[in-house]
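I open these notebook entries to record what I looked up in the structure shown below.

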Amino acid sequence: MTEDPRILDYVKASAALLDLPLDDARALRVAAHLGRTQAMAALLDAVPLGVEDEPVALFCPAPFPEVEA
């Protein structure tokens, strides 16, 4: 289970808003998954990476050559 009860509240409210059937056991599993995702995202946010840390080609690959029709 996630440590933040707001995640479970969010899951239940979102399911209700979308008229999705969601029993309590599944809501707990979804909330736990979102909690893990949130924790992993926080770990990534904590790493001070800059533009120079990745090759530019990964972010800005060369455009495809023009093809004459």
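**Entry 1: basis.** I note that this is a predicted model, in which local features need pLDDT of at least 70, side-chain atom pairs count only at pLDDT 80 or more, and totals for chains, interfaces and linings use all residues. Residues are numbered from 1 along each chain as its sequence is written, and side-chain values use heavy atoms, with hydrogens and water left out.

**Entry 2: the chain.** I looked up the secondary structure and found 3 helices and 0 strands in the protein chain. Helices (H or I, at least four residues) and strands (E, at least two) are taken as DSSP runs numbered from the N terminus. Along the sequence the pattern reads α-α-α. Of the 69 residues in the protein chain, 14% are buried; here buried means under 20% relative accessible area, exposed over 50%, and partly exposed in between, with a 1.4 Å probe and protein chains only. The accessible surface of the protein chain is about 6300 Å², and carbon and sulfur atoms hold 65% of that surface. These areas follow the Shrake-Rupley method with a 1.4 Å probe, and for residues only the protein chains shown count as cover.

Which residues of α1 are buried? I list Ile7, Leu8, Val11 and Ala15. They lie on the same side of α1, because they cover an arc of only 100° around the axis; the arc is that of the directions from the helix axis to the C-beta atoms. The exposed residues on the other side of α1 are Pro5, Arg6, Asp9, Tyr10, Ala16 and Leu17.

Against which element do the buried residues of α1 pack? I find that they pack against α2 (24–45), where contact means heavy atoms within 4.5 Å.

**Entry 3: salt bridges.** I applied the rule of a side-chain nitrogen of Lys or Arg within 4 Å of a carboxyl oxygen of Asp or Glu. The count by this rule is 2 salt bridges.

One of them joins the side chains of arginine 6 and aspartate 4, at 2.8 Å from N to O. Aspartate 4 sits in the segment before α1. I record aspartate 4 as buried because its relative accessible area is 18%, while arginine 6 counts as exposed at 61%.

In a salt bridge between aspartate 24 and lysine 12, the closest N and O atoms are 3.8 Å apart. This pair links distant parts of the chain, with aspartate 24 in helix α2 and lysine 12 in helix α1, 12 residues apart. Aspartate 24 is exposed, with a relative accessible area of 53%, whereas lysine 12, at 38%, is partly exposed.

**Entry 4: aspartate 19.** I looked up the backbone just after α1, where aspartate 19 takes a positive phi of about 55°. Most residues other than glycine have a negative phi. Aspartate 19 belongs to the loop between α1 and α2.
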